[in-house]
Amino acid sequence: MTTSVSAASAPSTAHSRGENRLGRIAFYIVCTALAALFLFPIVWTAISSVKPPPEASAVPPTFLPSRLDLGNFVKLNEYGRGVWNYVGNSAGTAVMTVIGATLLSTLAGYGFSRFQFRGKGLLFVMILMTLMIPFQSILIPLFLILTGLKLQNTLFGLALVYITFQLPFGVFIMRNSFDAVPREIEEAALLDGCSSLSMLYRVMLNIVRPGIITVGIYAFLNSWNEFLAALIFMTKETSFTLPILLTSVRSGYYGSIDWGALQAGLIVTIAPCILIFLLLQRYYISGLTGGATKG
Amino acid sequence: MSTVNLQISERRAQRAGGSIGRRSAGLFFVLPAVSFTVVFFILPLIFTVYMSLHDWPLLGDHKFIGLDNYSALLSDRQFWNSLWFTTRYTLLITPVIFILAFVLALLVSLPLPGVGIYRTVYFLPVVIGLGSSSLLWVWLLHDRVGVINAILTGLGVMDRPIIWLADSSYAMTAIIMSVVWKTVGFTMILLMTGMQAIPAELYEAAKVDGANYWARLRYIMMPLLRRTFALALILSVIGSYLGFDQFFIMTAGGPQNSTISVVYWIYKNSFTNFKLGYGASLSIVLLVILVILSVIQLRLLRDETSY
Amino acid sequence: MKKGALLFVVLLMLVASGVSVMTAQDAVTLQMWSRDSNQDFLRELVDMWNADHPNQIELTIIPAADFVTRVGVASAGGEAPDLLPIDLIYVPQFAQAGNLVEIGAFIDALPYADQLSASHVHLGEYDGGRYAVPFAAEGSVLLYNKGLFEAAGLDPEAPPTTWEGIYEAAKAITALGDDNYGFYFSGACAGCNAFTFLPLIWASGGDVLTEDGLSATVDTPEVRAALEFYKRMWDEGLIPPSAQADTGTDFFGAFTTGKIGMVGSGAFSIAILKNDHPDIDFGLTFLPGQEGGISSFAGGDSIAITSSSQHAAEAFEFISWVLSDEIQLQMFAARGQLPLRADLVDNEFSREDPRLITNAEAMNLGKTPYSFVYNQLFNDANGPWLAMIQTAIFQGDVDGAIANGQAGFAAILGE
């Protein structure tokens, strides 16, 4: 359903058809210039990261690398426990967060969309309120709770916290996704004798898939990029995540930053996010269409 | 296009007709999410309220002091400065994000070949974490190794590098620039999806009535975008009010303490000054402010939705 | 405590006599956290210990900016590590809060107890107890570029001994042009300037705190003179403009470009300059007072055992190993680190490079402010110390800077 509301409806917002070629050329010039501005920081980081290390921190900066050189990545790998340790932890936490956040958001979205029960509005608002507290202010209580659950210093414990902080966005998107599903589909399934759960599983999931993927991408990005909780809740270096490595590189040795290693670190951090987004963006945008536009 | 109409009428029907399924089933579905929220948000929140009633150092023992932290914050000049700074930051960045996002959304909704690529490109920075993007901009803006100064001096726009993050007249601009770059794509996509959900028939009808592009924009799209707008606005305002990474990483509150946001001040009180109890009271006040702001925004934008 | 000391002495004797301690006693794993400066050295040190001791140490390096946050939260949850090397200025605060184990008896058992770096020992004292011993030593000194001195017609073997001397030298070097500047300091870094600017005040006979660290003495002629000294160099363009923005990331890096005449720095610079920048011929001298006199900020890390540790005796075993002759010479001195004991300052390695001896002397005569709120006073990027320096030097308002500085210090000290 939601996917059918695609770019096809956009024409109506456009200039009337067949408007002058000049406008069209202007459109491309403006859009391309903007695109260059948006892309520049990322592309520039990528280019700089493969410069030989002395060039990567040259004053003033040089433009193109004199030759391709992975020296900056090698130096990045010399920080702490080596870059794979951090990538592995970040990936593991992100996977758990994605699974947990999509599962919980889908169930809750379905519940909030399709059922009436006491306290429904209150519970919904309670979940949304999670958005409004600065994470910094509940660090200590969260740490105490994780310690109480014996989950401090585990990626699993960290993922539980991340999942919770994905719920406001996730539940909101999923509730609206389910809202957009025509009721006839369910009624037909009910007549066929489906229970609520199996109907959710067999009938609805396909329809709300764009929403689920949106929630998943979002959970991935936020988990992958989070720094403070990862640092505070993990006791051991072997469980540190990528953003912590990045901060170490930034604080440098005795106040001299290795800019080359920082660029390499940024690329390692950013690349998976871009890749995942490019692969799934089709769903992502339609997921928002179904999820975000209805209050 | 009819699918959209269908959806809308469906939802009306649903609201009128109540729900199917048993009452307990609904609770069953929302229970996991609710329990996570209770354990990892509500309990810590209650604990934070409890802490805010204590003199609670980061190291060592705490003692109950009633509402003293709250009365102390009334006379804490830096807190009010931070609140004002954060408000100013929000007031500056929100229009920039919304105007730019709206223009971009209009552009990427045009039915022209290749427009999907532009949409992707404008959205791309959103996938980068705020921490990483702040680090990236620290480097781009650096006075010696940074490329921005190199380009600007190279083009002859200025004759010596600007030290962006240390000059109070540029620091805010630099931070806003980096945050807009990183977040505007998100608002753009929200607005764009909102635009696409507007039934094409409405535009067609207006066109028949002789409304030009701008008139259709003003009288059809804008009113119907209200809800999307409300959502995007609330998300953006909350994000700005909770801003921390960009200040922590890019300026560390400088120069001359001109960029200390509320959350940064909370962080400093808790972890630099070791006054956890006081930090907790600031957090509670901030939470209350945000709830009020969100309610106001919803009210303002929701009341006259129906056309 | 006594039992622990006894056990420790026994262990020490066992180690000394070459008998393996791998006995019936179960080996334990000790946790140790450290901030990330100097992490390569630390990793090597810990690896070396782990290679031939049954008790293993697990080292976790934490970004410096978040170190105290990390430790504080962990302490709140009773999850602090056994071994805690911390910036020595934090020790009074940690000790006061009851987070550290009193280790006086352990220290007394060390044959070289009276040789330990005096500043570290002093900062480790709280309420009659002793809570920490030195772990890394630093002393601030004045680095200068001999090549630039020569080019500017100055005697590279006669570095400045007064502020006027620094000013004149800076002026001559800046006059060389070609982006050379006479002087550098990190204008937006609070801690850096405690390290390199405070000693200028001390060497002139002034201070910003009273001896007991409980009252502010910011509004004094020495502080004013020191601020005016920097302001004069800034106003006359003897300091590169980028100094204003430097939050510490270029604290040492600026000098390595070879275009800076003088900069306040520490012993760590010696090894880095020798290894990575062999082309820079540098000298090292004491930070002087206005009309002469010398001083230094004795900094570095102290190591303590946290009260949540179940293995205080085993933890101290590591500490005494670090302080032993062998490690002090083979690991510390051989790598250009300052030894932690006065009796080892003069050693085969430092004899090869007199600059190391100068630096060690600087540290040994240096001071460290003793305060329970050091972090708020000096290290806070938004605190009164940095605000005072910035207002005086970059905005030119020395009077206002001092008035606000005095008030800010007094407020934090609860005066």
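Here is a short walk through chain C of a predicted model, from its contact with chain B to one of its sheets.

Let's start where the two chains meet. Chain C puts 22 residues into the contact, and chain B puts in 21. On the chain C side, the elements that give two or more residues are α3 (67–76), α4 (91–96), α18 (374–379) and α19 (384–394) of chain C. Of these, α3(C) supplies the largest share, with four residues. What about the residue classes on that side of chain C?

Now turn to a sheet in chain C. Picture four strands forming an open sheet, in the order β8-β9-β7-β10, with mixed pairing. Its edges are β8 (181–184) and β10 (282–285) of chain C, each of which pairs on one side only. Going from strand to neighbouring strand, the average turn is 20 degrees, if you ignore direction.

Zoom in on the β10 side of this sheet. Strand β7 (residues 141–145) of chain C and β10(C) run antiparallel and are joined by four bridges. If you want a spot to look for in your viewer, find C:Leu142: it stands opposite C:Thr285 in β10(C).

Helix α8 (residues 163–174) of chain C lies across β8 and β9 (260–265) of chain C. Relative to β8(C), helix α8(C) runs at about 130 degrees.

Definitions and conventions: Residues are numbered from 1 along each chain as its sequence is written. Chains are lettered from A and ligands numbered from 1 in the order in which they are written. This is a predicted model: local features need pLDDT of at least 70, side-chain atom pairs count only at pLDDT 80 or more; totals for chains, interfaces and linings use all residues. Two residues are in contact if their C-beta atoms, placed from the backbone, lie within 7 Å. Two strands pair if DSSP finds at least two bridges between them. Axes are lines fitted to C-alpha atoms, for helices over the stretch in contact, and angles run from 0 to 180 degrees between N-to-C directions.
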